[in-house]
Amino acid sequence: MLLFKKVADLQDYLQSVRKKGQSIGFVPTMGALHEGHLSLFRRAKSQHGCVVGSIFVNPTQFNDARDLEKYPRTTEQDILMLNGVKCDVLFMPPANEVYPPGLDTTLRFDWGGLDRILEGEFRPGHFEGMAQVVKRLLDIVRPNALYLGQKDLQQFIIVRRMIGQLGLDIDLVRCPIVRETDGLAMSSRNRRLPAAHRAAAPKIYDVLRACHRQMDRHCPEELEAWALAELQQPDFRPEYFRIVDGYRLQPIKSFADSDFVVSCTAVWLGDIRLIDNLILREKVKAH
Ligand code: AMP
């Protein structure tokens with residue numbers, strides 16, 4: 001695997017890749033890699049001659065300075081893992097390569113309100129920072145395909161809208177959530193959970209699955225209320241539990257209202273915030 005820290009060096013190399021006729025799959029990450037990330041790399045590797053991964057803990061998407069400061073950084077281990085999945089190129093830029101002084105990276109497109117609901121309601125500014133860095137990385141890497149995880153479903157939906165609106169010629173691939181054996185969605189933040197919270201955390205997936213089982217008997221609103229009550233466990237602080245239409249992330253009154261229905265939740269366990277979601281119904285894969 002080749003490692004680049006400078007935009008110009010990466011771009012020179014990728015030019016030679018394109019000249020060889022190889023396509024480029026791109027997996028952006030913030031590092032502290034786990035099997036969930038690796039599943040994206042494996043998928044990309046199965047579809048492209050050259051897979052580029054990035055590790056960049058993007059300061060503009062953290063609305064909480066403490067969260068940024070405490071974000072785990074495990075670079076040596078990440079490099080070993082990326083070698084293990086035969087990633088071709090790792091881009092690990094310092095902040096001044098991503099945001100060089102004088103370059104206007106502000107994004108302008110019609111968000112359609114997607115940045116203000118669910119995660120956007122509780123993490124103001126988060127999606128602006130996320131979309132800004134994704135667009136900047138896409139401009140740098142110019143991949144044929146971008147791989148994102150369903151774990152961050154709202155991020156996926158916003159990036160899909162951005163790609164559509166800006167007319168970017170990039171295939172967007174949504175990869176399923178990889179979970180621990182007890183059901184907890186893998187996340188870089190899990191390693192910060194104290195043992196008692198880690199042991200209790202699979203409750204989130206249990207509640208998501210229970211809603212799935214009860215879809216025939218209850219309307220979305222009843223299930224949301226039930227789920228929020230069920231998540232009131234010691235040291236848990238559920239922020240939201242919503243059952244939404246998976247295209248626009250708007251609430252639905254009845255399960256018959258959409259053929260793509262997702263339940264999404266964010267829960268604090270102590271001072272760690274976990275998000276998870278479960279697709280309750282998807283007739284045709286929605287992308
Ligand atoms: P992050 O490093 O948290 O920015 O995540 C980088 C990419 O990995 C994003 O597209 C995430 O959605 C994806 N990802 C994170 N956790 C998982 C998981 N458990 N399963 C699948 N994809 C994931």
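**Ligand site**

I began at Asp 152, where a polar side-chain atom lies 2.6 Å from an oxygen atom of the ligand. I note that this is a predicted model, in which local features need pLDDT of at least 70, side-chain atom pairs count only at pLDDT 80 or more, and totals for chains, interfaces and linings use all residues. Residues are numbered from 1 along each chain as its sequence is written, and side-chain values use heavy atoms, with hydrogens and water left out.

I looked at His 37 next. An N or O atom in the His 37 side chain is 2.9 Å from an oxygen atom of the ligand. At Met 186 I found a backbone N or O atom 2.9 Å from a nitrogen atom of the ligand. I then listed the surroundings, taking a residue as near if one of its heavy atoms lies within 4 Å of the molecule. There are 17 residues around the ligand, and His 37, Gly 149, Asp 152, Val 178 and Met 186 come nearest.

**Two domains**

I looked up how the chain is divided: domain 1 covers 2-175 and domain 2 covers 188-277. These bounds come from an automatic or database domain assignment. The C-alpha centres of the two domains lie 26 Å apart. For the contact (heavy atoms within 4.5 Å), I noted 27 residues from domain 1 and 20 residues from domain 2.

Next came buried area, the accessible area (1.4 Å probe) that two parts lose on being put together, summed over both. Domain 1 and domain 2 bury about 2,100 Å² between them, 51% of it on carbon and sulfur atoms. In domain 1, Leu 118, Glu 119 and Phe 122 lose the most area to domain 2, together 27% of what that side buries.

**Salt bridges**

The structure holds 17 salt bridges. I checked one of them, Glu 97 with Lys 6, at 3.9 Å from N to O. This pair links distant parts of the chain, 91 residues apart. Glu 97 sits in helix H5 (residues 95-98), and Lys 6 in the loop between strand E1 (2-4) and helix H1 (7-19). Helices (H or I, at least four residues) and strands (E, at least two) are DSSP runs, numbered from the N terminus.

How many salt bridges are there between domain 1 and domain 2? I noted 5. I also looked up Arg 242, which forms a salt bridge with Glu 121, the closest N and O atoms being 3.5 Å apart.

Technical notes. Salt bridge = Lys/Arg side-chain N within 4 Å of Asp/Glu carboxyl O. Polar contact = N/O pair within 3.5 Å; in protein donor to acceptor, adjacent residues only side chain to side chain.
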